[in-house]
Amino acid sequence: MNEKLTNYLNGVFAPYDGVKSVSELKADLHSDLQERFRELKAEGKDDETALEMTIDSIGDIEQTVLEVANLSRSLERQVLTNLSASNLTGSDFAGVTAHKGKFTASALRGSDFTNADLTGSSFKSSDVRDARFDGANLTDCNLSTLDLANASFNKSILVRTNFSKSWLAGATFTGVHLTDVNLTMTALTKTVFENCVFDGVDFTSSDLSGQRFDGQIFVGVKFDKAGLKEVSFKGATLKNVSFQGSLLTKKYYRAIKTVCFDGATMDKLTFAALKGMDANLSKVTVI
């Protein structure tokens with residue numbers, strides 16, 4: 001009979017799974033209802049009658065749960081809004097959860113977001129130099145048009161993260177799996193990428209001159225119209241990677257000839273595209 005009571009509560013609370021205050025209410029209510037059920041049984045009520053009377057004793061619980069959930073979400077939104085236009089230089093946000101957080105026009109230089117869950121957050125027009133995002137969840141975050149100089153993203157979760165038009169000089173990405181990340185129209189000549197996997201990343205029109213991508217993995221990546229002078233892909237793996245230049249200038253094609261692909265492994269289509277641009281592929285393995 002306790003199982004039936006638990007199933008009933010699970011059904012009522014299911015739409016609000018993940019709302020902390022509602023979860024706490026559920027735990028308290030479950031304990032109280034079990035006690036009420038035992039009291040009714042002690043009075044001689046059969047199981048079905050005791051269960052029915054127990055459920056009836058809590059009244060319109062669905063309305064109560066809805067009100068608690070709405071209040072919790074409203075307060076959460078208010079807290080997130082208050083993070084905009086604030087002086088938060090050097091703040092400690094390590095381990096916090098701030099989904100869809102608003103950090104617009106805030107001073108965040110040197111702040112620590114280590115292991116924070118910032119899913120869906122926006123940092124538009126903020127100063128984020130020297131900030132630490134190591135291990136942070138930056139899924140669907142907007143970090144475009146920002147100064148991210150010397151910021152660290154070591155082992156961060158980067159899924160559909162937008163870095164377009166940002167300043168990333170001295171920024172470090174170590175041990176990161178970048179998935180569908182936007183790095184277009186960005187200067188990346190002084191950015192450090194080590195032991196990374198690039199999956200569906202878009203580098204279109206970014207300056208990558210002198211970058212070393214040795215031993216790293218690229219799947220479905222776009223390097224269209226990017227600055228690739230003297231870039232190194234030694235020992236890298238490239239699958240379904242796009243290299244397309246402008247039809248109006250030969251600059252892109254001249255840069256391709258300076259790229260080092262020694263020891264790289266690539267699929268036949270990527271190989272054919274690069275071969276057509278006279279890239280040096282003499283030490284490439286085709287799969």
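The paragraphs below lead from the chain as a whole to its sheet and then to particular side chains.

The model is a predicted one, in which local features need pLDDT of at least 70 and side-chain atom pairs count only at pLDDT 80 or more, while totals for chains, interfaces and linings use all residues. Residues are numbered from 1 along each chain as its sequence is written, and side-chain values use heavy atoms, with hydrogens and water left out.

The chain holds 6 helices and 9 strands, these being DSSP runs numbered from the N terminus (helices H or I, at least four residues; strands E, at least two). Of its 287 residues, 39% are buried, where buried means under 20% relative accessible area, exposed over 50%, and partly exposed in between, with a 1.4 Å probe and protein chains only. Among contacts between residues at least 6 apart in sequence, 16% join residues at least 24 apart, a contact being heavy atoms within 4.5 Å.

An open sheet is formed by 7 strands in the order 1-3-5-6-7-8-9, with parallel pairing; two strands pair if DSSP finds at least two bridges between them. Strand 1 (157-159) and strand 9 (285-286) stand at the edges with a single partner strand each, so one side of each lacks a neighbour in the sheet. Further in the account of the sheet, strand 6 (residues 217-219) runs parallel to strand 7 (residues 237-239) and is joined to it by 3 bridges, and Phe 218 has Leu 238 in strand 7 as its bridge partner.

Since Phe 198 lies in strand 5 (residues 197-199) and Phe 218 in strand 6, the pair ties together parts that are 20 residues apart in sequence. Phe 198 is buried at 0% relative accessibility, and Phe 218 is buried with a relative accessible area of 0%. Phe 218 forms an edge-to-face pair with Phe 213, at 5.2 Å centre to centre and 85 degrees between the planes, and Phe 213 counts as buried at 0% relative accessibility.

Asp 112 lies in the loop between helix 4 (61-81) and strand 1, and this residue is buried, with a relative accessible area of 15%. Leaving aside neighbours within four places in sequence, Asp 112 is in contact with Ser 91, Asp 92, Phe 93, Ala 94 and Arg 132.

Terms used. Rings of Phe, Tyr and Trp (its six-membered ring) pair if their centres lie within 6.5 Å; planes under 30 degrees apart count as stacked, over 60 as edge-to-face and the rest as tilted.
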